[in-house]
Amino acid sequence: MQSSMFNVRAPIDGNGDVFLMNTFTDAQIVVSPDVIDFLDRIDRMSAPLTDEERCTLELLAEHGFVVNSRQSERLALEEYFREVREGADTVKVTVLTTLQCNFACGYCIQGDHGDYNKHAAKMSLETAARVAGWTEGRLDALKPSRLILTFFGGEPLLNLPVVYLLAERLHASCAERGIQLSISIITNGLLLTREVVERLNPLGLSGIKITLDGDRDTHNRMRPLRGGQGTFDKIIANVQQVASLAKISIGGNFDVETVDSYPALLDFLSEQDFADKLGRVTFKPVIRETQISGKGIIPLTAVGSEGKPLNGACMTSAGTGVSSACDACSVVDEKMAFLREETKKHGFNTVDGVHMGPCEIHRSHAHTIGPDGSLYACPGFAGEARQSIGHIDGREDAFRTQALRNFERLSAWKMCQDCAFIPVCAGGCTVAAHNELGDMHAPNCHKTSFEAGVLALARDAARTYAATA
Ligand code: SF4
Ligand code: SF4
(Lines give C-alpha, C1' and ligand atoms only; values in the text may rest on other atoms or scores of the structure.)
(Ligands and ions follow the chains in the order given, each with its own letter.)
Protein backbone atom coordinates (compact mmCIF):
# COMPACT_ATOMS: atom_id res chain seq x y z
CA MET A 1 0.00 0.00 0.00
CA GLN A 2 1.09 3.53 -0.54
CA SER A 3 -0.08 7.08 -0.22
CA SER A 4 -2.05 8.32 -3.25
CA MET A 5 -0.28 10.69 -5.62
CA PHE A 6 -3.47 12.77 -5.66
CA ASN A 7 -3.42 13.64 -1.96
CA VAL A 8 -3.13 17.32 -1.18
CA ARG A 9 -3.09 18.84 2.25
CA ALA A 10 -3.21 22.18 4.01
CA PRO A 11 -2.74 23.08 7.67
CA ILE A 12 -5.73 24.23 9.63
CA ASP A 13 -4.94 27.25 11.75
CA GLY A 14 -4.99 26.84 15.48
CA ASN A 15 -4.84 23.24 16.61
CA GLY A 16 -2.37 21.48 14.33
CA ASP A 17 -5.05 19.55 12.41
CA VAL A 18 -4.62 19.10 8.70
CA PHE A 19 -7.10 19.31 5.83
CA LEU A 20 -6.56 16.31 3.56
CA MET A 21 -8.09 16.02 0.11
CA ASN A 22 -7.79 13.52 -2.71
CA THR A 23 -8.33 15.19 -6.08
CA PHE A 24 -9.19 11.89 -7.78
CA THR A 25 -11.89 10.63 -5.39
CA ASP A 26 -12.79 14.13 -4.14
CA ALA A 27 -12.63 12.85 -0.55
CA GLN A 28 -12.00 15.65 1.95
CA ILE A 29 -11.30 15.13 5.64
CA VAL A 30 -9.74 16.91 8.59
CA VAL A 31 -7.20 14.73 10.39
CA SER A 32 -4.79 15.02 13.28
CA PRO A 33 -1.03 15.25 12.61
CA ASP A 34 -0.48 11.61 13.65
CA VAL A 35 -2.68 10.47 10.73
CA ILE A 36 -0.52 12.53 8.38
CA ASP A 37 2.55 10.97 9.93
CA PHE A 38 1.04 7.52 9.44
CA LEU A 39 0.26 8.34 5.80
CA ASP A 40 3.82 9.52 5.21
CA ARG A 41 5.25 6.29 6.66
CA ILE A 42 2.83 3.90 5.05
CA ASP A 43 4.93 2.68 2.16
CA ARG A 44 7.91 2.05 4.46
CA MET A 45 6.14 0.24 7.28
CA SER A 46 7.33 -3.28 7.92
CA ALA A 47 6.10 -4.06 11.46
CA PRO A 48 2.59 -5.51 11.81
CA LEU A 49 -0.08 -2.85 12.21
CA THR A 50 -1.81 -2.22 15.50
CA ASP A 51 -5.61 -2.45 15.56
CA GLU A 52 -5.82 1.32 15.59
CA GLU A 53 -3.48 1.62 12.61
CA ARG A 54 -5.47 -1.01 10.72
CA CYS A 55 -8.68 0.98 11.27
CA THR A 56 -6.99 4.17 10.10
CA LEU A 57 -5.59 2.39 7.05
CA GLU A 58 -9.02 1.03 6.11
CA LEU A 59 -10.57 4.45 6.40
CA LEU A 60 -7.84 6.08 4.34
CA ALA A 61 -8.02 3.35 1.68
CA GLU A 62 -11.80 3.58 1.50
CA HIS A 63 -11.51 7.25 0.53
CA GLY A 64 -8.61 6.78 -1.86
CA PHE A 65 -5.90 8.39 0.29
CA VAL A 66 -4.09 5.06 0.27
CA VAL A 67 -3.81 2.93 -2.89
CA ASN A 68 -2.36 -0.43 -3.84
CA SER A 69 0.36 0.91 -6.07
CA ARG A 70 1.34 3.87 -8.21
CA GLN A 71 0.84 1.71 -11.28
CA SER A 72 -2.78 0.88 -10.39
CA GLU A 73 -3.42 4.53 -9.74
CA ARG A 74 -2.03 5.54 -13.13
CA LEU A 75 -4.21 2.93 -14.84
CA ALA A 76 -7.24 4.31 -12.98
CA LEU A 77 -6.29 7.80 -14.16
CA GLU A 78 -6.09 6.65 -17.79
CA GLU A 79 -9.49 5.01 -17.42
CA TYR A 80 -10.91 8.17 -15.88
CA PHE A 81 -9.77 10.29 -18.84
CA ARG A 82 -11.18 7.69 -21.23
CA GLU A 83 -14.55 7.93 -19.46
CA VAL A 84 -14.41 11.74 -19.54
CA ARG A 85 -13.66 11.59 -23.28
CA GLU A 86 -16.29 9.02 -24.21
CA GLY A 87 -19.01 9.71 -21.62
CA ALA A 88 -22.26 10.26 -23.52
CA ASP A 89 -24.80 10.76 -20.78
CA THR A 90 -24.67 14.50 -21.42
CA VAL A 91 -24.27 16.01 -24.87
CA LYS A 92 -23.19 19.62 -24.91
CA VAL A 93 -23.67 21.89 -27.89
CA THR A 94 -22.45 25.49 -27.85
CA VAL A 95 -23.75 27.54 -30.76
CA LEU A 96 -22.14 30.78 -31.82
CA THR A 97 -25.18 32.50 -33.28
CA THR A 98 -23.01 35.32 -34.61
CA LEU A 99 -19.50 36.69 -34.32
CA GLN A 100 -20.92 40.21 -34.40
CA CYS A 101 -20.96 42.18 -31.18
CA ASN A 102 -22.56 45.44 -30.10
CA PHE A 103 -19.71 46.28 -27.72
CA ALA A 104 -16.36 47.74 -28.63
CA CYS A 105 -14.16 46.27 -25.90
CA GLY A 106 -10.56 47.28 -26.37
CA TYR A 107 -9.27 43.82 -25.39
CA CYS A 108 -11.43 41.85 -27.81
CA ILE A 109 -10.80 41.16 -31.47
CA GLN A 110 -14.50 40.81 -32.08
CA GLY A 111 -16.91 43.67 -31.59
CA ASP A 112 -17.92 46.98 -32.97
CA HIS A 113 -14.52 48.10 -34.21
CA GLY A 114 -13.97 49.46 -37.70
CA ASP A 115 -16.06 47.48 -40.17
CA TYR A 116 -15.76 44.23 -38.19
CA ASN A 117 -19.50 43.75 -37.78
CA LYS A 118 -20.08 44.23 -41.49
CA HIS A 119 -18.04 41.12 -42.25
CA ALA A 120 -18.45 39.07 -39.08
CA ALA A 121 -20.39 35.88 -39.68
CA LYS A 122 -23.98 35.50 -38.54
CA MET A 123 -25.82 32.18 -38.58
CA SER A 124 -28.70 32.01 -41.04
CA LEU A 125 -32.01 30.38 -40.21
CA GLU A 126 -31.21 27.68 -42.80
CA THR A 127 -27.93 26.86 -41.06
CA ALA A 128 -29.70 26.91 -37.68
CA ALA A 129 -32.19 24.34 -38.99
CA ARG A 130 -29.26 22.18 -40.13
CA VAL A 131 -27.61 22.59 -36.70
CA ALA A 132 -30.84 21.34 -35.12
CA GLY A 133 -30.90 18.36 -37.51
CA TRP A 134 -27.26 17.57 -36.81
CA THR A 135 -27.88 17.78 -33.04
CA GLU A 136 -30.88 15.47 -33.35
CA GLY A 137 -28.60 13.02 -35.12
CA ARG A 138 -26.20 13.11 -32.17
CA LEU A 139 -29.09 12.58 -29.75
CA ASP A 140 -30.31 9.56 -31.71
CA ALA A 141 -26.84 8.06 -31.96
CA LEU A 142 -25.82 8.63 -28.34
CA LYS A 143 -29.13 8.51 -26.47
CA PRO A 144 -27.98 10.86 -23.68
CA SER A 145 -30.17 11.74 -20.72
CA ARG A 146 -29.36 15.43 -21.06
CA LEU A 147 -28.61 18.05 -23.71
CA ILE A 148 -26.94 21.29 -22.67
CA LEU A 149 -27.47 23.94 -25.32
CA THR A 150 -25.46 27.12 -24.89
CA PHE A 151 -25.78 30.28 -26.95
CA PHE A 152 -22.57 32.23 -27.30
CA GLY A 153 -21.01 34.69 -29.73
CA GLY A 154 -20.01 37.46 -30.47
CA GLU A 155 -23.14 38.62 -28.79
CA PRO A 156 -25.68 35.82 -29.18
CA LEU A 157 -28.74 37.99 -28.59
CA LEU A 158 -27.95 39.93 -31.79
CA ASN A 159 -29.36 36.90 -33.59
CA LEU A 160 -32.56 36.15 -31.68
CA PRO A 161 -34.34 34.40 -34.58
CA VAL A 162 -31.64 31.70 -34.53
CA VAL A 163 -31.78 31.47 -30.72
CA TYR A 164 -35.55 30.95 -30.83
CA LEU A 165 -35.46 28.51 -33.72
CA LEU A 166 -32.86 26.28 -32.08
CA ALA A 167 -34.42 26.48 -28.61
CA GLU A 168 -37.92 25.66 -29.88
CA ARG A 169 -36.91 22.89 -32.21
CA LEU A 170 -34.52 21.19 -29.80
CA HIS A 171 -37.01 21.54 -26.98
CA ALA A 172 -39.48 19.55 -29.09
CA SER A 173 -36.80 17.03 -30.14
CA CYS A 174 -35.73 16.46 -26.55
CA ALA A 175 -39.31 16.14 -25.33
CA GLU A 176 -40.00 13.49 -27.99
CA ARG A 177 -36.92 11.53 -26.93
CA GLY A 178 -37.31 11.91 -23.16
CA ILE A 179 -34.11 13.96 -22.91
CA GLN A 180 -33.72 16.83 -20.44
CA LEU A 181 -32.80 20.11 -22.16
CA SER A 182 -30.88 22.87 -20.33
CA ILE A 183 -30.36 26.13 -22.18
CA SER A 184 -27.73 28.70 -21.18
CA ILE A 185 -26.89 32.05 -22.67
CA ILE A 186 -23.61 33.89 -22.35
CA THR A 187 -24.35 37.51 -23.12
CA ASN A 188 -23.04 40.97 -22.48
CA GLY A 189 -26.52 41.71 -21.10
CA LEU A 190 -27.33 44.79 -23.16
CA LEU A 191 -30.18 43.15 -25.09
CA LEU A 192 -31.43 40.96 -22.28
CA THR A 193 -35.13 41.60 -21.75
CA ARG A 194 -38.07 40.05 -19.94
CA GLU A 195 -39.48 39.10 -23.32
CA VAL A 196 -36.39 37.02 -24.19
CA VAL A 197 -36.43 35.26 -20.83
CA GLU A 198 -40.17 34.65 -20.84
CA ARG A 199 -39.98 33.11 -24.29
CA LEU A 200 -37.06 30.81 -23.41
CA ASN A 201 -38.13 29.84 -19.91
CA PRO A 202 -40.72 27.24 -20.95
CA LEU A 203 -38.16 25.76 -23.36
CA GLY A 204 -35.63 24.92 -20.64
CA LEU A 205 -33.66 28.09 -19.92
CA SER A 206 -31.46 27.21 -16.97
CA GLY A 207 -29.02 30.10 -16.71
CA ILE A 208 -27.78 33.35 -18.15
CA LYS A 209 -24.22 34.49 -17.73
CA ILE A 210 -23.49 38.19 -17.92
CA THR A 211 -20.11 39.83 -18.00
CA LEU A 212 -19.22 42.81 -15.86
CA ASP A 213 -15.59 43.85 -16.12
CA GLY A 214 -15.11 45.55 -12.79
CA ASP A 215 -16.92 48.37 -11.01
CA ARG A 216 -19.06 50.89 -12.92
CA ASP A 217 -16.22 53.12 -14.11
CA THR A 218 -13.89 50.27 -14.98
CA HIS A 219 -16.59 48.31 -16.78
CA ASN A 220 -17.62 51.38 -18.76
CA ARG A 221 -14.02 51.92 -19.77
CA MET A 222 -13.44 48.24 -20.63
CA ARG A 223 -16.79 47.46 -22.28
CA PRO A 224 -18.07 50.58 -23.98
CA LEU A 225 -20.23 51.02 -27.03
CA ARG A 226 -18.59 52.16 -30.22
CA GLY A 227 -19.08 55.83 -29.36
CA GLY A 228 -17.53 55.30 -25.94
CA GLN A 229 -20.84 55.30 -24.04
CA GLY A 230 -20.86 53.19 -20.89
CA THR A 231 -22.96 50.03 -20.68
CA PHE A 232 -22.96 49.27 -16.94
CA ASP A 233 -26.21 51.01 -15.94
CA LYS A 234 -28.21 49.49 -18.77
CA ILE A 235 -26.95 45.98 -18.00
CA ILE A 236 -27.79 46.35 -14.31
CA ALA A 237 -31.26 47.64 -15.20
CA ASN A 238 -31.76 44.58 -17.42
CA VAL A 239 -30.60 42.22 -14.66
CA GLN A 240 -33.09 43.88 -12.33
CA GLN A 241 -35.86 43.13 -14.84
CA VAL A 242 -35.11 39.44 -15.21
CA ALA A 243 -33.45 38.35 -11.96
CA SER A 244 -36.68 36.94 -10.58
CA LEU A 245 -37.34 35.00 -13.79
CA ALA A 246 -34.01 33.30 -14.47
CA LYS A 247 -30.80 32.30 -12.74
CA ILE A 248 -28.31 35.05 -13.54
CA SER A 249 -24.60 34.45 -13.06
CA ILE A 250 -22.00 37.17 -13.22
CA GLY A 251 -18.58 36.79 -14.77
CA GLY A 252 -15.80 39.24 -15.34
CA ASN A 253 -12.55 39.32 -17.28
CA PHE A 254 -9.75 40.98 -15.38
CA ASP A 255 -6.20 41.94 -16.08
CA VAL A 256 -3.57 43.30 -13.74
CA GLU A 257 -4.82 46.82 -14.27
CA THR A 258 -8.52 46.21 -13.60
CA VAL A 259 -8.44 43.54 -10.92
CA ASP A 260 -8.46 45.98 -8.01
CA SER A 261 -11.84 47.38 -9.06
CA TYR A 262 -13.60 44.06 -8.46
CA PRO A 263 -14.15 44.46 -4.70
CA ALA A 264 -16.09 47.67 -5.46
CA LEU A 265 -18.18 45.72 -7.99
CA LEU A 266 -18.87 43.08 -5.34
CA ASP A 267 -19.88 45.82 -2.87
CA PHE A 268 -22.27 47.20 -5.48
CA LEU A 269 -23.77 43.82 -6.37
CA SER A 270 -24.27 42.84 -2.75
CA GLU A 271 -26.34 46.02 -2.20
CA GLN A 272 -28.75 45.27 -5.06
CA ASP A 273 -32.26 43.88 -4.56
CA PHE A 274 -31.38 40.96 -6.81
CA ALA A 275 -28.22 40.01 -4.87
CA ASP A 276 -29.77 36.92 -3.29
CA LYS A 277 -31.04 35.72 -6.65
CA LEU A 278 -27.66 35.64 -8.36
CA GLY A 279 -26.16 32.27 -9.24
CA ARG A 280 -22.40 32.04 -9.42
CA VAL A 281 -20.12 35.04 -9.45
CA THR A 282 -16.77 34.18 -11.04
CA PHE A 283 -13.95 36.27 -12.36
CA LYS A 284 -11.17 35.18 -14.63
CA PRO A 285 -8.17 36.54 -16.42
CA VAL A 286 -8.25 37.40 -20.08
CA ILE A 287 -6.01 35.25 -22.26
CA ARG A 288 -3.49 37.19 -24.22
CA GLU A 289 -2.31 35.91 -27.53
CA THR A 290 1.38 36.48 -27.46
CA GLN A 291 2.53 33.99 -30.04
CA ILE A 292 0.23 34.58 -32.93
CA SER A 293 0.27 37.98 -34.49
CA GLY A 294 -2.77 39.87 -35.61
CA LYS A 295 -4.96 38.86 -32.74
CA GLY A 296 -5.85 40.42 -29.44
CA ILE A 297 -7.20 38.79 -26.38
CA ILE A 298 -9.89 36.18 -26.18
CA PRO A 299 -12.40 37.03 -23.49
CA LEU A 300 -13.58 33.73 -22.12
CA THR A 301 -16.59 33.84 -19.92
CA ALA A 302 -18.32 31.16 -17.98
CA VAL A 303 -21.43 29.07 -18.30
CA GLY A 304 -23.30 28.02 -15.21
CA SER A 305 -22.51 24.42 -14.42
CA GLU A 306 -25.00 23.86 -11.66
CA GLY A 307 -22.38 23.25 -9.08
CA LYS A 308 -20.98 20.14 -10.73
CA PRO A 309 -17.25 20.34 -10.66
CA LEU A 310 -16.43 18.23 -13.66
CA ASN A 311 -18.64 19.49 -16.43
CA GLY A 312 -16.77 22.58 -17.33
CA ALA A 313 -16.32 24.53 -20.43
CA CYS A 314 -13.89 27.26 -20.71
CA MET A 315 -16.50 29.47 -20.05
CA THR A 316 -16.91 27.55 -16.91
CA SER A 317 -14.82 27.15 -14.03
CA ALA A 318 -12.12 25.34 -15.90
CA GLY A 319 -10.96 28.33 -17.78
CA THR A 320 -10.98 30.41 -14.68
CA GLY A 321 -8.35 28.47 -12.92
CA VAL A 322 -5.96 27.55 -15.55
CA SER A 323 -5.69 30.25 -18.11
CA SER A 324 -3.23 32.98 -17.61
CA ALA A 325 -3.66 36.66 -18.12
CA CYS A 326 -0.22 38.03 -18.32
CA ASP A 327 3.45 37.30 -18.18
CA ALA A 328 3.42 37.38 -14.39
CA CYS A 329 1.37 34.23 -13.85
CA SER A 330 1.96 34.04 -10.13
CA VAL A 331 0.45 37.49 -9.81
CA VAL A 332 -2.62 36.27 -11.63
CA ASP A 333 -2.90 33.17 -9.46
CA GLU A 334 -2.70 35.36 -6.36
CA LYS A 335 -5.34 37.70 -7.72
CA MET A 336 -7.62 34.79 -8.62
CA ALA A 337 -7.42 33.53 -5.05
CA PHE A 338 -7.98 37.04 -3.70
CA LEU A 339 -11.09 37.54 -5.86
CA ARG A 340 -12.52 34.14 -4.92
CA GLU A 341 -12.19 35.01 -1.23
CA GLU A 342 -13.68 38.48 -1.75
CA THR A 343 -16.60 36.97 -3.66
CA LYS A 344 -17.28 34.51 -0.86
CA LYS A 345 -17.00 37.26 1.76
CA HIS A 346 -19.71 39.18 -0.08
CA GLY A 347 -21.98 36.15 0.26
CA PHE A 348 -21.92 35.00 -3.37
CA ASN A 349 -21.52 31.49 -4.67
CA THR A 350 -18.29 31.06 -6.63
CA VAL A 351 -15.83 28.43 -7.82
CA ASP A 352 -13.58 26.91 -5.18
CA GLY A 353 -10.35 27.05 -7.19
CA VAL A 354 -9.82 23.27 -7.10
CA HIS A 355 -12.75 21.66 -8.94
CA MET A 356 -11.94 23.33 -12.24
CA GLY A 357 -11.91 20.61 -14.87
CA PRO A 358 -11.31 18.61 -16.99
CA CYS A 359 -12.92 21.09 -19.32
CA GLU A 360 -14.97 20.29 -22.38
CA ILE A 361 -12.03 20.07 -24.76
CA HIS A 362 -11.42 16.64 -23.21
CA ARG A 363 -14.98 15.47 -24.01
CA SER A 364 -15.84 14.01 -27.38
CA HIS A 365 -19.52 14.83 -26.99
CA ALA A 366 -19.09 18.53 -26.26
CA HIS A 367 -19.33 20.48 -29.51
CA THR A 368 -18.90 24.10 -30.47
CA ILE A 369 -20.59 25.17 -33.70
CA GLY A 370 -19.65 28.38 -35.50
CA PRO A 371 -22.10 30.58 -37.42
CA ASP A 372 -21.38 28.74 -40.71
CA GLY A 373 -21.81 25.26 -39.21
CA SER A 374 -18.10 24.61 -38.63
CA LEU A 375 -17.33 22.41 -35.63
CA TYR A 376 -14.67 23.30 -33.06
CA ALA A 377 -13.08 21.46 -30.16
CA CYS A 378 -14.02 24.20 -27.69
CA PRO A 379 -15.37 27.75 -27.71
CA GLY A 380 -11.89 29.19 -27.26
CA PHE A 381 -10.84 27.97 -30.72
CA ALA A 382 -13.97 29.14 -32.53
CA GLY A 383 -12.38 32.40 -33.65
CA GLU A 384 -9.81 30.50 -35.71
CA ALA A 385 -11.30 28.98 -38.84
CA ARG A 386 -8.20 26.81 -39.41
CA GLN A 387 -8.84 25.09 -36.07
CA SER A 388 -12.20 23.72 -37.21
CA ILE A 389 -12.36 19.96 -36.71
CA GLY A 390 -15.34 19.27 -38.94
CA HIS A 391 -18.60 20.64 -40.27
CA ILE A 392 -22.22 19.79 -39.56
CA ASP A 393 -22.74 18.89 -43.22
CA GLY A 394 -20.01 16.26 -43.00
CA ARG A 395 -17.78 17.90 -45.64
CA GLU A 396 -14.22 16.70 -45.66
CA ASP A 397 -11.39 19.22 -45.84
CA ALA A 398 -7.77 18.31 -45.30
CA PHE A 399 -7.24 21.12 -42.79
CA ARG A 400 -10.21 20.00 -40.67
CA THR A 401 -9.09 16.37 -40.71
CA GLN A 402 -5.62 17.45 -39.63
CA ALA A 403 -7.01 19.69 -36.88
CA LEU A 404 -9.25 16.86 -35.65
CA ARG A 405 -6.27 14.51 -35.40
CA ASN A 406 -4.34 17.19 -33.57
CA PHE A 407 -7.10 17.68 -31.00
CA GLU A 408 -7.69 13.96 -30.61
CA ARG A 409 -4.20 13.49 -29.28
CA LEU A 410 -4.44 16.23 -26.66
CA SER A 411 -3.15 14.91 -23.36
CA ALA A 412 -0.97 17.61 -21.85
CA TRP A 413 -1.56 16.05 -18.44
CA LYS A 414 0.69 13.14 -19.42
CA MET A 415 3.61 15.57 -19.17
CA CYS A 416 2.59 16.58 -15.65
CA GLN A 417 4.24 13.49 -14.13
CA ASP A 418 2.98 13.00 -10.58
CA CYS A 419 1.21 16.32 -10.09
CA ALA A 420 -1.59 15.87 -7.55
CA PHE A 421 -3.92 18.16 -9.50
CA ILE A 422 -4.08 16.19 -12.76
CA PRO A 423 -7.69 14.96 -12.21
CA VAL A 424 -8.98 18.52 -11.77
CA CYS A 425 -6.63 20.31 -14.15
CA ALA A 426 -5.74 17.90 -16.98
CA GLY A 427 -2.73 20.02 -17.90
CA GLY A 428 -4.48 23.38 -18.01
CA CYS A 429 -6.27 25.39 -20.66
CA THR A 430 -5.38 24.26 -24.17
CA VAL A 431 -6.36 27.62 -25.66
CA ALA A 432 -4.05 29.44 -23.29
CA ALA A 433 -1.24 26.98 -24.09
CA HIS A 434 -1.83 27.51 -27.82
CA ASN A 435 -1.98 31.28 -27.58
CA GLU A 436 0.62 31.95 -24.94
CA LEU A 437 3.05 29.06 -25.29
CA GLY A 438 2.56 28.42 -29.00
CA ASP A 439 1.94 24.73 -28.32
CA MET A 440 -1.51 23.41 -27.52
CA HIS A 441 -0.02 20.11 -26.38
CA ALA A 442 2.05 21.69 -23.61
CA PRO A 443 0.75 21.98 -20.04
CA ASN A 444 -0.35 25.49 -19.14
CA CYS A 445 0.43 25.33 -15.48
CA HIS A 446 -1.10 27.40 -12.70
CA LYS A 447 -0.43 25.05 -9.84
CA THR A 448 -0.18 27.90 -7.35
CA SER A 449 -3.80 28.75 -8.12
CA PHE A 450 -4.86 25.19 -7.26
CA GLU A 451 -2.76 25.29 -4.09
CA ALA A 452 -4.49 28.50 -3.06
CA GLY A 453 -7.80 26.73 -3.71
CA VAL A 454 -6.82 23.91 -1.35
CA LEU A 455 -5.94 26.46 1.37
CA ALA A 456 -9.36 28.06 0.91
CA LEU A 457 -11.09 24.67 1.16
CA ALA A 458 -9.13 24.04 4.36
CA ARG A 459 -10.34 27.33 5.81
CA ASP A 460 -13.94 26.46 4.85
CA ALA A 461 -13.56 23.02 6.44
CA ALA A 462 -12.20 24.60 9.64
CA ARG A 463 -15.15 27.01 9.76
CA THR A 464 -17.65 24.19 9.24
CA TYR A 465 -15.90 22.12 11.89
CA ALA A 466 -15.90 25.01 14.37
CA ALA A 467 -19.60 25.66 13.74
CA THR A 468 -20.57 22.05 14.39
CA ALA A 469 -18.20 21.35 17.31
S1 SF4 B 1 -9.32 24.51 -23.47
FE2 SF4 B 1 -9.47 26.41 -22.29
S3 SF4 B 1 -10.90 27.63 -23.48
FE4 SF4 B 1 -11.20 25.51 -24.16
S5 SF4 B 1 -12.80 24.63 -22.89
FE6 SF4 B 1 -10.84 24.18 -21.90
S7 SF4 B 1 -10.51 25.81 -20.39
FE8 SF4 B 1 -12.06 26.51 -21.90
S1 SF4 C 1 -0.67 21.92 -15.60
FE2 SF4 C 1 0.36 22.17 -13.63
S3 SF4 C 1 -1.26 22.02 -12.08
FE4 SF4 C 1 -2.08 21.26 -14.02
S5 SF4 C 1 -1.80 19.04 -13.90
FE6 SF4 C 1 -0.03 19.89 -14.99
S7 SF4 C 1 1.55 20.25 -13.43
FE8 SF4 C 1 -0.43 19.98 -12.39
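Biologist: Ala-10 stands opposite Phe-19 in β3. What makes β2 and β3 a pair?

Modeller: This is a predicted model, where local features need pLDDT of at least 70, side-chain atom pairs need 80 or more, and totals for chains, interfaces and linings use all residues. Residues are numbered from 1 along each chain as written, chains are lettered from A and ligands numbered from 1 in written order, and side-chain values use heavy atoms, without hydrogens and water. Strands are DSSP E runs of at least two residues, helices H or I runs of at least four, numbered from the N terminus. Pairing takes at least two DSSP bridges, and β2 and β3 (residues 18-22) have five, so they pair, in the antiparallel sense.

Biologist: Why are β2 and β4 called edge strands?

Modeller: The open sheet runs β2-β3-β4, and β2 (7-11) and β4 (28-31) each pair on one side only.

Biologist: How do you know which residues surround ligand 2?

Modeller: A residue is near if one of its heavy atoms lies within 4 Å. Among those that surround ligand 2 are Cys-416, Cys-419, Cys-425 and Cys-445.

Biologist: What makes a nonpolar core?

Modeller: Buried Ala, Val, Leu, Ile, Met, Phe, Trp, Tyr and Cys residues joined through side-chain atoms within 4.5 Å; buried is under 20% relative accessible area, exposed over 50%, partly exposed in between (1.4 Å probe, protein chains only). The largest has 77 residues, with Leu-147 and Phe-151 among those with the most contacts inside it. Helix α6 (residues 160-177) gives that core its largest share, seven residues. Apart from it lies another core, of 27 residues, including Val-351 and Ile-422.
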